[in-house]
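I wanted to get my bearings in this structure before anything else, and I kept notes as I went along.

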Amino acid sequence: MIGIKVRCYKEITRFKIQNPVSVRWNSTNSPALKTLEEMPGLSKLPVIGALHHFLPVVGSIGHIENFFNLYGHFHKKYGSFVKMEGILSRPPMVIMFEPEHYDQVYRVEEENPLRPGFDTIVYYREVLQKSTFDGVYGLTTAQGEKWRDFRTKVNPALLKLKLLKVYAPGIEEIATEFVERLKKTKEDPVYLQNHFYDEMSKYALEAVGFVGLGARLGTLSEDLTEDHPARRLQTSVKDIFDLAIRIEARPKFMKHLPTAPYRKILAACDTQWEISSMYIEQARNTIKNRGYEIPEEDKSIIEKLLAIDEKVAVMMANEMLLAGIDTVSFVTVGLLYHLATNPQAQDRVREEVQSTGTSRRYLKACLKESLRIWPVIPANLRRTTKEHVVGGYLLPKGVEVIAPNEFLSKQEKYYTRPLEFIPERWLADKSDPLYYGNAHPMVTLPFGFGVRSCIGRRIAELEIEILTSAIVDNFVVSWHGPPIKVKTTIMNLFQKPYNFKFESVK
Ligand code: HEM
């Protein structure tokens, strides 16, 4: 069993399904289960499946910018279960709008949680570069035994609370450099409007590089040249993300055609591997040349992973760079936006940060609340490995069950005043109508679920809390413009312009 605590929800029985699916009864008076074919959802056409619904102008849905709006449309039209077939050449997908339903499936699937995706990277690692990777496929792309084996090896190094002790001082230094940079860039509002997200992703890369590769990359320095390894790393990760969605969207038979974007993504994967390996090699030499042992709790993630296996260390660093940049950037920008548009909450965070105490209770509540409203991943997913009987349906093996967490987290049914940023709900006691625990525990899952949930959670929280504290300590943050917009590609992203204003704290 993997060493992660799975939350145990005693209160689960308190929640009643409000729209039970009506089922027919057979002659023996037991319910006749409905099949997947009978499930409401998008009609499909040969070859293109349900894709035609999303065509501009002629499609029944057309272009929808983000999943929140899309799921709102689905729920209204179809109810608790919605089936989609032939999307992105994937198996049938079922969106379940009752948390009790996907909860039931996700818990049973905990034995072997499958979360497929990133087909191009899978193909790169498992087919094109098979001999390099030699069966070590990482967490984001591996499934089954390969995933379990890798996760069991890396869990102890990444999930220890002691990480804070090892990494907080270095991340604080990076946050200070970010603030110094912001003191200059804030004087150029047009630059900030266009580049604030890039600035944030430099911080996220520098911080996750420091944790994953054991090196300061120099991403925040002013004289970063295009051929600097840090810059090449940054560009390769950006290319992988930008191109992955375009290639995933192709029909199956076109997935591996050597088109220009396809060649570019493979080149980006090569660069990312090559540079990560170089930094890991440097870290290995530093540890070797140190010449003395240090206590286990003071060891870095890399030192711990290198003791297990060098390939595991390089692969984990790679995964951290893939999964740890846009996620942290998006969440930090979202949190700053909420603080900018809720000055009272910002003042309270500043008071906390500037006090002599070490508690960051209110800041943590702000982060939770911001993640409730804008998670990076708007919906979680598991592919079934067996049949399930759920809500009157017989769900076969091989179906992708989608939990529309962002959509549900903004429903009155689960949270009082759900569209408002109210960090106090995470601190309120049970008698308060705002109390977060009134929502079903599977509704808000910004870091995913169970043994396959985000392994970078602690690192991400540390990076975000340290940077937000440093910004709020130095600047009064405000927002001047229409509300920021979110679009969904492979994950949620904000759209320009970034109308932040940073004024020095008096
Ligand atoms: C606030 C920032 C972040 C958020 C909201 C986030 C969210 C998520 C989510 C929703 C998943 C899917 C979990 C599931 O399927 O149950 C995930 C997986 C993952 N995340 Fe994060 N993540 C963040 C930051 C990071 C960082 C900084 C790292 C690396 C240091 C990271 C590494 C990973 C990896 C490797 C996986 C795959 C885990 C597995 O399949 O075993 N994430 N993350």
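This is a predicted model: local features need pLDDT of at least 70, side-chain atom pairs count only at pLDDT 80 or more; totals for chains, interfaces and linings use all residues.

I looked up the strand order first, and found an open sheet of 4 strands, arranged β3-β4-β8-β5 with mixed pairing. β3 (81–84) and β5 (380–383) each have a single partner strand and stand at the edges, so one side of each is left without a neighbour in the sheet. From one strand to the next, the twist averages 25 degrees.

I then followed β5 to its partner β8 (residues 400–403), to which it runs antiparallel and is joined by 4 bridges; in one of these pairings, R383 has E400 of β8 as its bridge partner. Helix α2 (residues 99–108) lies across β4 (93–96), β5 and β8, and it runs at about 130 degrees to β8.

Which residues come nearest to the ligand? Of the 26 residues around it, I noted A323, G324, G448, C454 and G456 as the nearest. The elements giving two or more residues to this shell are α5 (138–141), α12 (310–323), α13 (326–341) and α17 (457–474). By type, the shell divides into 15 nonpolar, 7 polar and 4 charged residues.

C454 sits in the loop between α16 (405–409) and α17. Is C454 buried or exposed? I counted it as buried, because 20 other C-beta atoms lie within 10 Å. Leaving aside neighbours within four places in sequence, C454 is in contact with F447 and G448.

Methods. Residues are numbered from 1 along each chain as its sequence is written. Two strands pair if DSSP finds at least two bridges between them. Axes are lines fitted to C-alpha atoms, for helices over the stretch in contact, and angles run from 0 to 180 degrees between N-to-C directions. Two residues are in contact if their C-beta atoms, placed from the backbone, lie within 7 Å. A residue is near a molecule or strand if its C-beta atom, placed from the backbone, lies within 6 Å of it. Ala, Val, Leu, Ile, Met, Phe, Trp, Tyr, Cys and Pro count as nonpolar, Asp, Glu, Lys and Arg as charged, and the others, Gly among them, as polar. A residue is buried if 20 or more other C-beta atoms lie within 10 Å of its own, exposed if 12 or fewer, and partly exposed in between; C-beta atoms are placed from the backbone.
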